[in-house]
Amino acid sequence: MSDFGLFTSKFRQSTNLLRDFDRALRYLKHSESHGDSQDAIPVGAILTVLKPISKMLEGNLSESNSFDEESVIEILYRKHGKFWQAYKERVIKLTNELESGKTKVSEDEFSTLNDIADAISIECATLFKRIGRHP
Amino acid sequence: MRAYLESIILEQINRAEELKKKIHYPLKYPELSGLAERCTLILDEQINILRELKRELQSRENCDIRDIFREVRLCIWEISLLEYYGIPPLYLQTPDIGFLNKLMFKIHQEIKLPFPPPTVSCTSGEYYYSHPFTNVIFVPLAEPEFLLHMPDLYHEVGHHVIENMKSELRLQPIKQNYLLAFSKVTEYYSRILVNKRRDYAPPDILMAIQRIHSQWKDWIEEFFCDLFALYTLGPAYAWSHLHLTTKKSNDIYELHILQKQTHPSDESRMRILMHALRNLGFAREADEIQSRWFQVALFWGNNTVAEYQYAFPDEVLGEIAELVLDAMRAAGFSLASSEILSGNGQETEIRIVLNRAWQKFWQLQGHEFREWEKSCIQSMRDS
């Protein structure tokens, strides 16, 4: 397969991931605004994204192959600039808390997650551009 | 912004509706019905999502539409991809497209592919590539007239196997060993990292190893597809890799550390194919191909970058070749063997024809081979 095929495959994986992630965020927002119990938050979809990102932020090798976490981290890094260290720590902390069963997400944490979704969306757009440039 | 987003949603719904009209029914070739169904299904799905987003938009404030904006863009991209890479073969439906799809249907039966065959379209602007979203394999325009590179169809099918292994129960052994193979890769590089850190290796080396590990996330898929092609088709795939490398490779030891490299080096791909040929019992053929390869490789010399020693360790390649073979056996694929390729009355099997083409290529003079190839393709078209 040419590079095109791989970019298409990655694009598809990333768009599916973003869709699931956004659905989870919407669910989170909806249950928050309606004061519902958050027991059923689809944490899995959020952790699928957060875990590999955190793993890399902590300097480990990530085995995840569902999206390009390196590119997503780069996009987040560019966005947060001099506040990068604080943002990085927030992501790692949130990942650990969600992994250990946390079910409530604050407004700030929600914004942290929204930034990650935006970064994945930008990564999808980059991949789409690469596919579109194909003759 | 909300009103603008709403207009974009309406525009995209109209585009998806128009694309559905580009599928000409009744279809000329029944093999295209899977693609027609798939495209219609995806377009309808996107239309429904867009309608749902339009409804959701009504209940949102202008400052609270980040997620809807993201999702609308996803729909736009997916509709565009269908327009570029799904609808064209259905709109064109040329005799060459009909022939290639008949061929793919036969391959799918021969190798016992446990999901519907991908569609093939000879509208590629470059070499072979697959579009996993629409399930279409694109090949160059004149490809239906030649045999020597057709083995790459099997490699492309490998990409569809990976795509389907997530949901197809019969592909579970593939999924398990694919993940296991990548774990072996991670174990290998974690071990090297530990050793290098212990030896106070310079940070550049550590970074290179981390980057190489990250590149393996793409390389593993390419290696899998090479192995899939070789195990189902046999030596013809290794010959075709040699042929393509000879014609088009710029560096058989290609390795980039800082920039993304989606494919492993041609040298490492040939090495894993040699493991696979021997695993399958084609030792004589492996020796023959390897001997040709060494002659061809001289053209590039042996100027590898220092990090190349870490990139494609032979022990990992050997392990992956075995894991893929075990998985393919467990998943029930029909694998190539000397017995199958010798014919046994089934002379019309595509894999027999493609392996024979390579034997003829080495035996006959150029023009004689071309005559043989043309008559062979004609009988495939007529059958």
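The model is predicted: local features need pLDDT of at least 70, side-chain atom pairs count only at pLDDT 80 or more, and totals for chains, interfaces and linings use all residues. Residues are numbered from 1 along each chain as its sequence is written, while chains are lettered from A and ligands numbered from 1 in the order in which they are written.

**The sheet in chain B**

Chain B holds an open sheet of 3 strands in the order β1-β3-β2, with mixed pairing. Helices (H or I, at least four residues) and strands (E, at least two) are DSSP runs, numbered from the N terminus. Two strands pair if DSSP finds at least two bridges between them. β1 (119–124) and β2 (129–131) of chain B are the edge strands, and each pairs on one side only. From one strand to the next, the twist averages 35°. Axes are lines fitted to C-alpha atoms, for helices over the stretch in contact, and angles run from 0 to 180 degrees between N-to-C directions.

β1(B) pairs with β3 (residues 136–140) of chain B in the parallel sense, over 4 bridges. B:Ser124 has B:Pro140, in β3(B), as its bridge partner. Helix α5 (residues 95–110) of chain B packs on the sheet and touches β1 and β3 of chain B. The direction of this helix makes about 140° with that of β1(B).

**Chain A against chain B**

Contact here means C-beta atoms, placed from the backbone, within 7 Å. By that rule, 27 residues of chain A are in contact with 29 residues of chain B. On the chain A side, α1 (3–33) and α5 (107–132) of chain A are the elements that give two or more residues. α1(A) gives the most, with 13 residues.

**Domains of chain B**

Domain bounds come from an automatic or database domain assignment. Chain B is divided into domain 1 (2–92), domain 2 (95–146) and domain 3 (163–338). The C-alpha centres of domains 1 and 2 of chain B lie 25 Å apart. Between them, 15 residues of domain 1 are in contact with 14 residues of domain 2. α2 (33–58), α3 (66–85) and α4 (87–92) of chain B each supply at least two residues of the domain 1 side. α2(B) gives the most to that side, with 4 residues.

**Residue classes**

Ala, Val, Leu, Ile, Met, Phe, Trp, Tyr, Cys and Pro count as nonpolar, Asp, Glu, Lys and Arg as charged, and the others, Gly among them, as polar.

| Side | Residues by class |
|---|---|
| Chain A, touching chain B | 10 nonpolar, 9 polar and 8 charged residues |
| Domain 1 of chain B, touching domain 2 of chain B | 10 nonpolar, 2 polar and 3 charged residues |

Notes:
Contact = placed C-beta atoms within 7 Å.
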